[in-house]
Amino acid sequence: MRAAIVIPARFASSRLPGKPLLRETGKYLIQHVFERAQKAKCASDVIVATDDDRIFAAVREFGGTPVMTREDHVSGTDRVAEVAARLGADVVINLQGDEPQFDPDAIDLLAELMRAPGSDMATLAVPITDAETYRNPNVVKVVCDDRGRALYFSRSPIPMVRDGEPDFAASPARFLQHLGVYAYRRDFLLRIAGTPPHPLEQSEKLEQLRVLGTGGTIMLGQVARAHRGVDTPADYADFVRWYRQNGDDGAGGTRRAA
């Protein structure tokens, strides 16, 4: 099974314009993500997909592999699908371009999950350990069946506890926070990218519900912790401090299927 990692990166950002090219650590932010991805064992190719000449030039400068895409994509998934159409890979992993601390082991777990028969996609989750996270509409929750297949994703607290209070210490974990990283079978990615938005997707504003709403299968893996992405200047400042303390070897952790 040949896997490729595609990292979508765009210059525009409402909260942090130009973030792929931030360089206070001595490396571009997109370079940190690219080098994390290269540490995964599963992929034969790591590609940065962008529509911006400045990002394209920066990736080429540090020795990465950039691919120029169209400017009219409405989501990172569409950008990844355009690149996937040119690849010979069986599995395509979509890693966000603002995740410089992402665990390479978690990327390998995604590839392992794609070996399950009938899996169209795979994604990851982390246990929820407090009520604030459970009830936060900005945190996407996911529930799965006994075989590790996602049943639903929601911004609402799921599963809802009708009587009593949620037990966040239960093992195995019953309350899971979704992490926005995905692996796709290449042919399935090309098909789903061309499918109109599903009503569930439009209601929750969650792309993965297009897959479940149209009958697709998403395998779910569980990791021990989530690494915070870079969305704001404060996030980037936190990453710079972390990097100066830990260098390139600060991420890693246990993993297992959900």
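Mentor: Strand 6 (residues 141-144) gives the most to the lining of the second largest pocket, 3 residues. The model is predicted, so local features need pLDDT of at least 70 and side-chain atom pairs pLDDT 80 or more, whereas totals for chains, interfaces and linings use all residues. Numbering starts from 1 along each chain, and side-chain values use heavy atoms, without hydrogens and water.

Trainee: What makes a residue part of the lining of the second largest pocket, and which residues lie nearest its centre?

Mentor: A pocket is an open set of points on a 1 Å grid over the protein atoms alone, with protein on both sides within 12 Å along at least five of seven lines, and a lining residue has an atom within 4 Å of a point. The lining has 12 residues, with V143, C144, D145, A173 and R174 nearest the centre.

Trainee: What makes the other space a cavity?

Mentor: In a cavity a 1.4 Å probe fits but cannot get out. Helix 8 (208-213) gives the largest share of its lining, 3 residues.

Trainee: Why are helix 3 and helix 6 called oblique?

Mentor: The axes of helix 3 (residues 76-84) and helix 6 (residues 186-193) cross at roughly 130° and come within 9 Å. Angles under 35 degrees count as roughly parallel, over 145 as roughly antiparallel, 65 to 115 as roughly perpendicular and the rest as oblique; helix 3 and helix 6 are therefore oblique to each other.

Conventions. Axes fitted to C-alpha atoms, helices over the stretch in contact; angles between N-to-C directions. Helix = DSSP H or I, 4+ residues; strand = E, 2+ residues; numbered from the N terminus.
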